[in-house]
Amino acid sequence: NYPPGMGEIEGVALLKGVCDVWDTVYNFQARDGDIVVASYPKSGTTWMQEILDLIVQDGDVEKSQRALGFIKVPFLEMGHTSLEVANTMPTPRVLKTHLPIQLMPPSFWEKDVKMVYIARNPKDCMVSYYYFYKMDQTLPDPETWDNFFSTFLKGSLAWGDWFDHVTGWWKARDEHKILYIFYEDMIEDSRRELCKVMRFLGKDFSEDVVKKILHHTSFKAMKANPMINFSVFSESIFDQSVSSFMRKGTVGDWKNHFLVSQNIIFDNEYKKKMEGSGLEFRTEV
Ligand code: A3P
């Protein structure tokens with residue numbers, strides 16, 4: 001009982017368009033040297049994707065601007081077009097996915113690919129996703145905030161259950177080459193987190209290059225950058241008059257949206273579902 005435009009694969013809610021090309025996605029062939037940015041939607045994927053690409057390009061901003069963000073970093077589950085682009089790209093490729101870990105194409109494990117998982121506290125993630133659902137005309141209408149809140153807790157939004165997503169990737173982090181990064185940590189100290197990602201990828205840059213990457217990936221610079229901010233998308237896909245893709249970029253906006261009663265319900269659910277996971281999120285910095 002999903003709204004039109006939605007389906008599921010192995011019990012995970014996904015866009016119908018993703019379900020339709022699932023075989024192609026699941027059989028995608030990873031290569032040695034690929035780098036993946038993985039996340040639940042609205043967790044800072046685009047931010048991390050620009051960081052990863054700049055690291056791969058050794059901080060060369062012009063090179064990193066060689067193509068629009070969503071073209072230079074193919075979105076795995078978008079299927080044919082995106083994967084054809086990926087297949088023609090030189091190594092090392094940066095690839096993006098929102099898949100929960102159990103749905104990752106097996107070739108990524110066979111090739112022991114390095115992956116950076118970016119996670120964001122669920123309250124801000126939910127608010128960000130709500131605005132995204134409203135502006136992305138290819139997603140079902142979220143109707144009211146109250147309705148969206150319930151659908152999030154049911155795990156029926158596109159890409160499934162947030163709790164399963166973040167804990168699934170968390171549990172697998174030692175078994176595979178997964179670097180787990182928190183959005184709130186990046187907001188708190190973007191330099192520290194950038195250096196973690198650099199080390200993970202075996203890179204060491206001069207202070208000048210680090211500064212350049214930080215500048216180019218700041219919220220302000222990314223919001224103003226037409227190569228990144230999706231302003232090239234037609235209004236019939238992303239209606240940014242409803243809400244910008246680069247909306248606020250902060251921690252704590254949930255306080256402007258959660259009713260007191262919703263916050264109590266959410267905290268109870270969170271406690272039940274996250275207990276014993278060893279995973280902790282900050283809802284303010
Ligand atoms: P908000 O809607 O809360 O502003 P994703 O890329 O996974 O879709 O995540 C989008 C969210 O990340 C949006 O959150 C967006 O504003 C935020 N974001 C993108 N770039 C950012 C940056 N450089 N610094 C902080 N937040 C950023």
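Predicted model: local features only at pLDDT ≥ 70, side-chain atom pairs only at ≥ 80, totals over all residues.

I started with the shell around the ligand: α3 contributes the most to it, with three residues. Along with α3 (45-56), I noted α11 (183-188) and α14 (219-224), each of which supplies at least two shell residues.

Next I checked which residues come nearest. There are 19 residues around the ligand, and the nearest are Thr45, Thr46, Ser128, Lys248 and Gly249. Sorted by class, the shell has eight polar, seven nonpolar and four charged residues.

An N or O atom in the Thr45 side chain is 2.4 Å from an oxygen atom of the ligand. For Arg247, I found a polar side-chain atom 2.8 Å from a ligand oxygen. The Lys42 side chain has an N or O atom 2.9 Å from an oxygen atom of the ligand. How much of the ligand's accessible area does the protein cover? I got 97% of the 570 Å² that the ligand has on its own.

On to pockets and cavities. The largest pocket is the space taken by the ligand. I also found one cavity of 30 Å³ or more, and the largest cavity holds about 40 Å³ of space.

What lines the largest cavity? My list reads Thr46, Gln49, Leu68, Gly69, Phe70, Pro226, Met227, Ile228, Phe230 and Val232. Seven of these lining residues are nonpolar, three are polar and none is charged. By helix, α3 and α5 (69-72) each give at least two residues to this lining.

Key:
Residues numbered from 1 in each chain as written. Heavy atoms only, no water. Near = heavy atom within 4 Å. Polar contact = N/O pair within 3.5 Å; in protein donor to acceptor, adjacent residues only side chain to side chain. Areas by Shrake-Rupley, 256 points an atom, 1.4 Å probe, with all protein chains shown as cover. 1 Å grid on protein atoms, 1.4 Å probe; cavity = no way out; pocket = protein on both sides within 12 Å on 5 of 7 lines; lining within 4 Å. Sits in = over half its atoms within 2 Å of the grid points. Helix = DSSP H or I, 4+ residues; strand = E, 2+ residues; numbered from the N terminus. Nonpolar A, V, L, I, M, F, W, Y, C, P; charged D, E, K, R; others polar. Points joined across faces, edges and corners; volume = space filled by probe spheres on them.
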